[in-house]
Amino acid sequence: MVSFSSLPSRSFSASGRFGSVIFNKSPADQLRLIASVRGDHYQVPIDPGAEDVLHDVENERDHFVNFTWLHTAGDGVLFTLSPFYHFNRAHYEGTPQDAIRSEYDRGSNFMGAVATIAVRRGRHNLSAGLQAYGERDNQFYSVIDSTAGGTESVVPQRTIPWANTEAAFVEDQIKLSKWLTLNGGVRLTHYGGPVSENAADPRVGAALQVPKLG
């Protein structure tokens, strides 16, 4: 845990853990697991120059886990599968002593997976893959006004938006000679959320090595 003060009445503390495991199940299969958890705590002064300083508070959390399976299917063929999950939250709370205070709470969930295959044969270096990604947010915002002696919640709002992306790609790198390599491919993408969109992006390129100069 780390703690420090940047202003007389502002403080910050954080704690976290990170782990990584790599396991060679066989000469053709490798498993990888990466995980992390982190928590942050902030105290934010409303008026740092006041004699009796009031603090708002923000607490944040961030966790993720990523698993990868690498499989060598044959000479020059590599398959990779990587599912993942990520959670992030931020909760801002005004001090109860403040006459007008706001509260904001957001929780975001991210999840998806990536699968790719790479094949190297002769002059060709081919790769293709699929990607699926989704996000869900849960956001709440309110303002509480107690200046009139009561407690009134003003404009409380909660939104729970969703969004997702799916993509597929294929590309090939062809080495025509020692000094010339051509690259070509295409990526197809679909986005779904408040709006839906589709896109196709071609990829064309070349690499030239100048003879004698290298």
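M111 counts as partly exposed because its relative accessibility is 37%, where partly exposed lies between buried (under 20% relative accessible area) and exposed (over 50%), with a 1.4 Å probe and protein chains only. The model is predicted, so local features need pLDDT of at least 70 and side-chain atom pairs count only at pLDDT 80 or more, while totals for chains, interfaces and linings use all residues. Residues are numbered from 1 along each chain as its sequence is written, and side-chain values use heavy atoms, leaving out hydrogens and water.

M111 sits in strand β6. Together with V21, L33, V65, F67 and Y85, M111 makes up a nonpolar surface patch with about 470 Å² of accessible area. Such patches take residues with over 30% relative accessible area and no salt bridge, nonpolar side chains (Val, Leu, Ile, Met, Phe, Trp, Tyr) being joined within 5 Å and like charges within 9 Å. A salt bridge here is a side-chain nitrogen of Lys or Arg within 4 Å of a carboxyl oxygen of Asp or Glu; accessible areas follow the Shrake-Rupley method with a 1.4 Å probe, and for residues only the protein chains shown count as cover.

Strand β6 (residues 100-121) pairs with β7 (residues 124-145) in the antiparallel sense over 22 bridges, pairing requiring at least two DSSP bridges. Within this pair, S108 has D137 as its bridge partner. Two residues separate β6 and β7 in a hairpin, and G122 in the turn has a positive phi of about 55 degrees.

The chain has 11 strands and zero helices, strands being DSSP runs (E, at least two residues) and helices runs of H or I (at least four), numbered from the N terminus. Of its 214 residues, 22% count as buried.
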